[in-house]
Protein chains: 10
Amino acid sequence: MSGRNTEELNGVTQLGNQGTRYPDDYAPEMLETFINKHPENDYFVKFNCPEFTSLCPMTGQPDFATLYISYVPSERMVESKSLKLYLFSFRNHGDFHEDCVNIIMKDLIRLMDPKYIEVWGKFTPRGGISIDPYCNYGKKGTRWEEIAFNRLAGHDMYPEKVDNR
Amino acid sequence: MSGRNTEELNGVTQLGNQGTRYPDDYAPEMLETFINKHPENDYFVKFNCPEFTSLCPMTGQPDFATLYISYVPSERMVESKSLKLYLFSFRNHGDFHEDCVNIIMKDLIRLMDPKYIEVWGKFTPRGGISIDPYCNYGKKGTRWEEIAFNRLAGHDMYPEKVDNR
Amino acid sequence: MSGRNTEELNGVTQLGNQGTRYPDDYAPEMLETFINKHPENDYFVKFNCPEFTSLCPMTGQPDFATLYISYVPSERMVESKSLKLYLFSFRNHGDFHEDCVNIIMKDLIRLMDPKYIEVWGKFTPRGGISIDPYCNYGKKGTRWEEIAFNRLAGHDMYPEKVDNR
Amino acid sequence: MSGRNTEELNGVTQLGNQGTRYPDDYAPEMLETFINKHPENDYFVKFNCPEFTSLCPMTGQPDFATLYISYVPSERMVESKSLKLYLFSFRNHGDFHEDCVNIIMKDLIRLMDPKYIEVWGKFTPRGGISIDPYCNYGKKGTRWEEIAFNRLAGHDMYPEKVDNR
Amino acid sequence: MSGRNTEELNGVTQLGNQGTRYPDDYAPEMLETFINKHPENDYFVKFNCPEFTSLCPMTGQPDFATLYISYVPSERMVESKSLKLYLFSFRNHGDFHEDCVNIIMKDLIRLMDPKYIEVWGKFTPRGGISIDPYCNYGKKGTRWEEIAFNRLAGHDMYPEKVDNR
Amino acid sequence: MSGRNTEELNGVTQLGNQGTRYPDDYAPEMLETFINKHPENDYFVKFNCPEFTSLCPMTGQPDFATLYISYVPSERMVESKSLKLYLFSFRNHGDFHEDCVNIIMKDLIRLMDPKYIEVWGKFTPRGGISIDPYCNYGKKGTRWEEIAFNRLAGHDMYPEKVDNR
Amino acid sequence: MSGRNTEELNGVTQLGNQGTRYPDDYAPEMLETFINKHPENDYFVKFNCPEFTSLCPMTGQPDFATLYISYVPSERMVESKSLKLYLFSFRNHGDFHEDCVNIIMKDLIRLMDPKYIEVWGKFTPRGGISIDPYCNYGKKGTRWEEIAFNRLAGHDMYPEKVDNR
Amino acid sequence: MSGRNTEELNGVTQLGNQGTRYPDDYAPEMLETFINKHPENDYFVKFNCPEFTSLCPMTGQPDFATLYISYVPSERMVESKSLKLYLFSFRNHGDFHEDCVNIIMKDLIRLMDPKYIEVWGKFTPRGGISIDPYCNYGKKGTRWEEIAFNRLAGHDMYPEKVDNR
Amino acid sequence: MSGRNTEELNGVTQLGNQGTRYPDDYAPEMLETFINKHPENDYFVKFNCPEFTSLCPMTGQPDFATLYISYVPSERMVESKSLKLYLFSFRNHGDFHEDCVNIIMKDLIRLMDPKYIEVWGKFTPRGGISIDPYCNYGKKGTRWEEIAFNRLAGHDMYPEKVDNR
Amino acid sequence: MSGRNTEELNGVTQLGNQGTRYPDDYAPEMLETFINKHPENDYFVKFNCPEFTSLCPMTGQPDFATLYISYVPSERMVESKSLKLYLFSFRNHGDFHEDCVNIIMKDLIRLMDPKYIEVWGKFTPRGGISIDPYCNYGKKGTRWEEIAFNRLAGHDMYPEKVDNR
Ligand SMILES: [Ca+2]
Ligand SMILES: [Ca+2]
Ligand SMILES: [Ca+2]
Ligand SMILES: [Ca+2]
Ligand SMILES: [Ca+2]
Ligand SMILES: [Ca+2]
Ligand SMILES: [Ca+2]
Ligand SMILES: [Ca+2]
Ligand SMILES: [Ca+2]
Ligand SMILES: [Ca+2]
Ligand SMILES: [Ca+2]
Ligand SMILES: [Ca+2]
Ligand SMILES: [Ca+2]
Ligand SMILES: [Ca+2]
Ligand SMILES: [Ca+2]
Ligand SMILES: [Ca+2]
């Protein structure tokens, strides 16, 4: 009835776990992975995360964003509940918008060693202006290195309509 | 009055059939095909499937998705009612989102031997995060092999707006 | 006051005609053309046709679609009222969705000998699944032959959101 | 730090529980309640449930709907995870759309004895037609009895736009 | 497993029937009913019908509309597949938009003797103007007679935005 | 096959007529009516007219609007092609927005003697401000007199979102 | 050709005037009126003003809003270009959002002595919160006094969706 | 240049203040008011707050909501920056959705003694279901007591479309 | 205070001019230009023109369209008020949709000698079908000649959704 | 708790500063920068600025736009509050739309020496036509020089739908 056996779920401890601990500050150690069962063909996985919140490092006021994280797995894949807990760990952490997306990307690279990854943050406005940073990465020595550059070069040529309401 | 004669409808047994059997678990044997009458020019067929549901392999809770399946037919084409019954067979079957789209793609490759195919799943969120896996395939030794790679390289540069409501 | 003189309207008999005859079945002979006054530069013409309806060849039940027909004219161009009457002729005609778009494209190629043409059908769902076939064509021996292939290779990388409501 | 103490959470056993059992068929016994801490003023609570699915009692084919459940609590309130499990119990249960919304409403009345409740189901189409049943109830002998009638009399004067896509 | 037993499905012959006959012209005799199992409380059922098509009685050209049919059942309820076949019977029938909605309402009153019913047609434009007729009815001698009048008096105070595209 | 016989189409001369004359200036004489076949029950007919254009009486510059015209017929009903020609007659006519809607309403009252009518104009902006006049009328001595007042009193409590783009 | 003669345009000096003076600060004296030609029936006129801007009285930073101004004219009506200039005069003027809408309403009452008027401001957010003040007025001793109260009592029961983007 | 003098800004200390302190837990003492300069006519003020976040009292996981707060001021009005800080104080505070809206309403009643107030929370889903509580209040002994009841009785008859994406 | 001095505004006579003359028929002589102050870097300017109207050359009935005109300036740029008057001159002029866009493009090429230009017309439907012609041009002997071809080859691969309402 | 230390915030004086001075006219000197902490990988930062307003250099009337500013940082990055104050300085400054976007881009190049930058302005209409200028820049001698040209060549092939409302 289930397509994954116990071995194939190895390393997944947070999913379905009752006693979830919510971290107080930035906690990359919460991230967990499971094995990629389809390594023979490259494919994309995207996480839509509209409930991201952090703090401004200068004023302490809360910031809010929707994050879009897309990657092409190599051997291991990030488990989504552990990703939720990791993102939660920015809740009481202060950093600029531009820094948050870069840090998240680097932590996920360290965790999964993916072929490709990109992180796009769309924050709510402060003083009438909103900021949307975007960074990406392709594994050195693979064709994804060039793809990463091409995707950056062609990034966001149709900005979404924004009216602050 | 009808553009397809009986011979050209050969192999189609579920469409218009009253005594449809709904399978209890994963049932790739339900898939049926009919002949492609326009083999001289490559063209696309897309199925929009907003009523897909499966189970989480760890917790047993139901998952929901809209699937978009697009392919370029070779000699035979999948019949849509048989596709409906096949997708229905995941209703009581447990698998990760990332596994479902890969399995569906592979079953359809085995069935139709298409020139090209892609499967995109857009699931509803759990714990505030939704997951959208996408995989594709181009037939080895044809120009669609390279096209498949190019489409993957250029996949989803404009993620749809998501706010979990 | 009018930019087209009588000669330039030659061949147009349905437009503004009171005694329009609506055909009973598939009637490609209704299609009419007028002359292209701007042959020195290639350009596109698109017809949006949200009122297309045909019948299922197996069950006889009605199908509905929006058709998008785009072409680059050569010497002659299809007149839109005659196109309306031609599309109307599928109203009591039975064919699969995939066949309809191919037949329409071939009839228009035969009529106009265009440099390029494409036909995209977006049908309403049956059994929870909707089907969107797309075919195209570039005139052999012109640069539009390669363009046709490139457009097919890059077709529909952002499927529209569908929820069957 | 928490506004609800242990006593005020009495009766809630599913929320945060790891070993959730998903029922095989219609299971109203899964519903749980907690105490209403604001009984002095009437107020509304609405549940948006876009992941409802049941079976057709004649053909066995799956149906899908978004349910909107709104109520005015009396002394006890339905806990949302138990509501999720209850709605899940229709997954392998066959009933007409019109029957489902009435049954759900009656089960919730029996559970909570609310002052007012309404259930609106918006199902996906079969054969080109979708069905949206709506029922409501106001407690006999209270002012909500008349309100229920007035809300029914003024129900849905602006049907949402629907095109089956 | 099914909430309706055989007796409660009495009178339903089209649903799940393989050899469906599609009528050539206006065919109110195709309508079928089933019993209302919840007669103790009034409630609404709405049918969304975006695939309605008829002919212009003067020119013979096809018209298209979305119909919204809402009613409060008395003892019997219209079965949706038979409603589909009945609406299909306007496909080759000519009548003004204003007449179609009145005829459909009267046929459904004759069939079901409902407490209340309304029919709203939203047609596509001809010559730049689209027409949306709306009629309703409340059973004489019941409170629904007055409600029908009130709903008519308050009809459509917020016309939907229309730009013919 | 047609629900209206020749007698019931009496008075309709423009519909399907080939030699349509387009008037040069304000031409209420172009309006035509046909008989209401459902006089026993009051009902609404709405015309959506997004292609209205007139001139500014002071500067001569063109103005554009979408008009929404809704009425409850008495014995006769306005034919939509004649309405199109009448509205066309404002194309080279100068009047303030507020005057146009009042004039159109009065002409239609004179033509049809309806039980109720309302006209809502939504114009495009000049100098950053757009103007939406609305007028209505209920026949004196009928219940529609009071309804007209109530509809005016409750008019447009939810203005549509406007951003001039 | 024009429906308004010179006398009926009396008092309108800004419309079509080349040498428009843009005021430096709050300038109610810029408002102009013209005569209402339809005094026999009450009707509504709405101004959509999405280009309103003022200053914060404490910090001096600019605020932005869309204003919706609706009124029922008595004998005279505000001319829209003069309204534009008046609203422009808040550009370098500091006041709270709640004060702006009240001041604008009072100035227009003084100018036109309307039967009814309402002003709704929808401002862009500061610190993640946006403010939408709404005020209205019905002429004392007329039926519009009670209507004003009823419209206030029923104001904005469906707040528009806002996400600050 | 500014419409509010120093006296009229009395009591406002947070707006424009550099050294803003962000509270650690529930902090109603942060709320500040200013004087209502238009007490002669009742009017509405609405706050749109799409950046609200709290914690689940049982599991500790973060919840997110858009709050809509509308009120009719009496003598004093809540200042929006102090409201922001107050809402921020729920960031690390645990309470059920239904409790949060009631607590916020009661704190604002205590602060401002308004004639009328309502609070509507629209939370993101957990387990596929989202919860939208709504409470309101009218000052005892004023006409707003009855209005509050009428608004509750007519609350949310058109639930917004939700698909969890 | 102004970034353009008198010399840099040379050639602009219509902007801010009170005695604007509106032409009776096709009037390319109304077009005016001003100097491009940023010739060192190529850039785009787009005009959105949703208020275009012309006449059908065969039937005389009015047509409506939104035009999108985009260009890359060379030494001179078209002034927008003169463009408005030029487009107005099609109001009483008859031409096919396909001819209008080509004529407008050629007139603007003659006027400005731009590096690149494109014109896209989106017309409202007649007989259920709408027509969207698109033409473009790149200056011979510059890199924009090839860009023009590439833009044409990649034109409109995602037709906007159209339903004639 | 904060990811940026004091040194890394060097040069930021406006953010969180109480005594903000709002400039009277064009003030590029207000712009401030901070250091890029991720120089090893190129990435994008976008500012959405829907609250931009300037004056027409010929008539003095106010213009409104949404600006989209995207750049790839080199060593330093523009701080968003200083950007807000800089954009505010156009509030009483007169320039053509086409000039504003070029000036803003040049000022930001001078400030940050970015690898890439683009500025897109979307203005509200005057006389029924709106103008959307777009300019971009890639640093000479880097790969971004060619990317800038490619982005310009592929700019805005899908103009957003505009209807001036
Ligand atoms: Ca918006
Ligand atoms: Ca959303
Ligand atoms: Ca949808
Ligand atoms: Ca839809
Ligand atoms: Ca739709
Ligand atoms: Ca539109
Ligand atoms: Ca908008
Ligand atoms: Ca718009
Ligand atoms: Ca949103
Ligand atoms: Ca928004
Ligand atoms: Ca949706
Ligand atoms: Ca959504
Ligand atoms: Ca639609
Ligand atoms: Ca549409
Ligand atoms: Ca539309
Ligand atoms: Ca629009």
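Visitor: Which side chains of chain A and chain B meet in a salt bridge, and at what N to O distance?

Guide: In this predicted model, the side chains of A:Glu40 and B:Lys106 form a salt bridge, with 2.7 Å from N to O. Between chain B and chain A the count is three salt bridges. Polar contacts across this interface involve 15 residue pairs, both residues being at pLDDT 80 or more. On the side of chain B that touches chain A, the elements giving two or more residues are α2 (97–112), β6 (130–138) and α3 (143–153) of chain B. Of these, β6(B) supplies the largest share, seven residues. By residue class, that side of chain B divides into 17 nonpolar, 12 polar and 10 charged.

The strand β6(B) also pairs with strand β2 (residues 43–55) of chain A, in the antiparallel sense and over six bridges. Within this pairing, A:Val45 stands opposite B:Pro133 of β6(B).

As to the extent of the interface, 39 residues of chain B are in contact with 42 residues of chain A. The size of an interface is often expressed as the accessible area lost when the parts come together. Between chain B and chain A the buried area is about 3500 Å², and carbon and sulfur atoms give 59% of that area. On the side of chain B, the residues that lose the most area to chain A are B:Ile129, B:Met157 and B:Tyr158, which together account for 17% of what that side buries.

Terms used
Residues numbered from 1 in each chain as written. Chains lettered and ligands numbered in written order. Predicted model: local features only at pLDDT ≥ 70, side-chain atom pairs only at ≥ 80, totals over all residues. Heavy atoms only, no water. Contact = heavy atoms within 4.5 Å. Buried area = accessible area lost by both parts, 1.4 Å probe. Salt bridge = Lys/Arg side-chain N within 4 Å of Asp/Glu carboxyl O. Polar contact = N/O pair within 3.5 Å; in protein donor to acceptor, adjacent residues only side chain to side chain. Helix = DSSP H or I, 4+ residues; strand = E, 2+ residues; numbered from the N terminus. Nonpolar A, V, L, I, M, F, W, Y, C, P; charged D, E, K, R; others polar. Pairing = 2+ DSSP bridges.
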